[in-house]
Amino acid sequence: MTDTRTQPSVSTETSTVPTLRTRDAARPTRRRVARVLIAVYLLALALIAFWPQPVDRDLSDVLQAVTRALPWLSYEVIEFSANVLLFVPFGVLLALAAPRLRAFVVPIGLAASVVIELGQAVLLSERTPSLLDVVANTAGAAIGLGLVLVIERFRAP
């Protein structure tokens, strides 16, 4: 007689639900993709931030039409919102590319924004550096980090 208590049962069915092991295996690939994307993003950010003329210069007619049609949507609100949105990918991509630096995503976003605004003040006579831009950019980085944390929280097993 054989003892069936010591023999584990083996199932021949394969599961389509990702296991912890397959999720862990996907993380290095996800980090590599995020690192490539953040490099591309930082290049685009540098071009936008250090373009010699204001990047919205050619949109003045469109912006005036929008602010006339929607008076509550002032140029200042549009600019602040654009700066927030500009830095959301910063927070998302840095959090994904360097998970161990997540505690520093917002301070790094703040530092990057300060460097941008100081660079504009020193190097670009047609650009107007602004403390509000620093606040908006930092908020965008925080929102990006928050999105990653919330999504990962809901995806956790």
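Predicted model: local features only at pLDDT ≥ 70, side-chain atom pairs only at ≥ 80, totals over all residues.

With a relative accessible area of 22%, Leu86 counts as partly exposed, because the term buried is kept for values under 20%. Leaving aside residues up to four places away in sequence, Leu86 touches Tyr41, Leu45 and Ile48. The C-alpha atoms of Leu86 and Gly140 are separated by 7.0 Å, although these two residues lie 54 residues apart along the chain.

## The crossing of α3 and α4

Helix α3 spans residues 75-97 and helix α4 residues 105-123, and their axes come within 10 Å and cross at roughly 135°. The two helices are therefore oblique to each other, and α3 passes α4 in a right-handed crossing. On the side of α3 the contact is made by Phe87, Phe90, Gly91, Leu94 and Ala95, while α4 contributes Val105, Ile108, Gly109, Ala112, Ser113 and Ile116.

## Helix α5 and what covers it

Helix α5, made up of the 25 residues 131-155, reaches 36 Å from its first C-alpha to its last, which is close to the 36 Å expected at 1.5 Å a residue. The buried residues of α5 are Asp133, Val134, Ala136, Asn137, Thr138, Gly140, Ala141, Gly144, Leu145 and Val148. What covers these buried residues includes α3 and α4, the two helices whose axes cross at roughly 135°. Gly140, one of the buried residues of α5, is also the residue whose C-alpha atom is separated by 7.0 Å from that of Leu86.

Note on methods:
Residues numbered from 1 in each chain as written. Heavy atoms only, no water. Axes fitted to C-alpha atoms, helices over the stretch in contact; angles between N-to-C directions. Helix = DSSP H or I, 4+ residues; strand = E, 2+ residues; numbered from the N terminus. Parallel < 35°, antiparallel > 145°, perpendicular 65-115°, else oblique. Left-handed = near helix turned anticlockwise from the far one by under 90°. Contact = heavy atoms within 4.5 Å. Expected span 1.5 Å × (residues − 1). Buried < 20%, exposed > 50% of the residue type's maximum accessible area, 1.4 Å probe, protein only.
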